[in-house]
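This report describes selected features of one protein structure, to be read alongside the sequence and the coordinates.

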Amino acid sequence: MEKENLDLQVNKIQAIVSDYDGTIARPGMMEPSEELFALLEKLLDKGIRFVSASGRQYQNLRDRFAPVADRIDYICENGSLIAYRNEIIYKDVIERKTALELIHDMEKWKDGEIMVSGVGTSYIVPRTQYFIDRLVKRVRNHVTILKEFNEIEEDMIKISIFWKEGIPKEAAEQFHERYDSCLQVADGGNGWLDFTGKTSGKGNALKILARHMNIPLENMVSFGDNENDMDMLKETGYSFCMSSAKEHVKLCAGRVCDSVEEVLNAVWEQFETPSR
């Protein structure tokens, strides 16, 4: 890892891809910093694309990036949904029978809360008011409250279970053992265990998006901090893991940084002084 050396060949960089929670929105932050938006505006004006790659829903990310929402692209729901130039170009659907079986298994964990993602909303059958408040007031999702999950009629693209005190080790082991063969199972951070289609994942989604962009992966810079970022970090020419991440996640990135802004500042400085 090269935390102290952020020099990049800026003439090669055509796109920047970043996770949101724990990466752009670091602990204690509810929204991206004003500094980040100022940097993004400058880089977008230079023709460098920006991709928000997150486990969050599409509209949630558009809300978070409101000042530049129409100028950037999105990998949502851990790679289950891709929006390019404001159009959805890819959706990976969990087969309904598998989805309902998974939800049934999740319901056995009485201290867990379940969320099912459609394209435009998050479906929940809440057990606590805390969970509703967390999704609506903190995460700021668009939420639909149901009496039971089989009321969902649209395609299910991600299913998650949340534990307020963190993912129990026993639960993670059981879910991985049962579902790794048919779904992507990933620690989404902050107590979330996420399940998506087998061909989803941020890394595969980025390959799809790169083809639409006509940008080689080696000309991209990626940022992440958690297990659901690992395959993405391995794909790009430059990759940065947050210094707060677990060690096995850091091993998937070329470098470590404390913030996305510090790296983008270094990129911008090289644009301003290319002879350095």
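Ser122 stands opposite Val143 in strand 8. This pairing belongs to a predicted model, in which strand 7 and strand 8 run parallel and are joined by three bridges. Both strands are part of an open sheet of six strands, ordered 8-7-6-9-11-10, with mixed pairing. Strand 8 and strand 10 (183–189) each have a single partner strand and stand at the edges, so one side of each is left without a neighbour in the sheet. From one strand to the next, the twist averages 25°.

## Helix 4 against the sheet

Helix 4 lies across strand 6, strand 7, strand 8, strand 9 and strand 11, and runs at about 40° to strand 6. Within this helix, which spans residues 129–139, the buried residues are Phe131, Ile132, Arg134, Leu135 and Val139. Viewed down the axis of helix 4, these buried residues fall within an arc of 160°, so they line one face of the helix.

Just after the helix, Arg140 adopts a positive phi of about 65°.

Strand 2 (residues 49–53) pairs with strand 3 (residues 73–76) in the parallel sense over three bridges, and Ser52 stands opposite Tyr74 in strand 3. Strand 3 and strand 4, by contrast, run antiparallel and are joined by three bridges; Leu81 in strand 4 is the bridge partner of Cys76.

## Strand 4 and its two hairpins

Strand 3 and strand 4 form a hairpin with four residues between them, and Glu77 in the turn has a positive phi of about 50°. Strand 4 also forms a hairpin with strand 5; two residues lie between these strands, and Arg85 takes a positive phi near 50°. Four bridges join strand 4 to strand 5 in an antiparallel arrangement, with Lys91 in strand 5 as the bridge partner of Leu81.

In strand 4 (residues 81–84), Leu81 and Ala83 point one way while Ile82 and Tyr84 point the other way, and all are buried. As a general rule, side chains in a regular strand alternate between the two faces of the sheet.

## Aromatic pairs

The structure holds 12 aromatic pairs. In one of them, the rings of Phe37 and Phe65 have their centres 6.2 Å apart and their planes at 85°, so the pair is edge-to-face. This pair links distant parts of the chain, with Phe37 in helix 1 (residues 34–45) and Phe65 in the loop between helix 2 and strand 3, 28 residues apart. Both residues are buried.

Tyr179 and Phe195 also form an edge-to-face pair, at 6.1 Å centre to centre with 85° between the planes. Tyr179 lies in helix 5 and Phe195 in strand 11, 16 residues apart; both Tyr179 and Phe195 are buried. Tyr20, Phe37, Phe50 and Phe65 together form one aromatic cluster.

Is Asn228 buried or exposed? Asn228, in the loop between strand 12 (220–224) and helix 7 (230–235), is buried, with a relative accessible area of 9%. Its side chain makes a polar contact of 2.9 Å with the side chain of Asn78. Beyond its neighbours within four places in sequence, the residues in contact with Asn228 include Asp187, Asp194 and Lys202.

His176 is located in helix 5 (residues 169–179) and is partly exposed, with a relative accessible area of 26%. The side chains of His176 and Asp180 are joined by a polar contact of 3.0 Å. The C-alpha atoms of His176 and Met220 are separated by 31 Å, the two residues being 44 residues apart along the chain.

How values were computed
Residues numbered from 1 in each chain as written. Predicted model: local features only at pLDDT ≥ 70, side-chain atom pairs only at ≥ 80, totals over all residues. Heavy atoms only, no water. Buried < 20%, exposed > 50% of the residue type's maximum accessible area, 1.4 Å probe, protein only. Arc of directions from axis to C-beta. Pairing = 2+ DSSP bridges. Polar contact = N/O pair within 3.5 Å; in protein donor to acceptor, adjacent residues only side chain to side chain. Contact = heavy atoms within 4.5 Å. Phe/Tyr/Trp six-rings, centres within 6.5 Å; stacked < 30°, edge-to-face > 60°. Axes fitted to C-alpha atoms, helices over the stretch in contact; angles between N-to-C directions.
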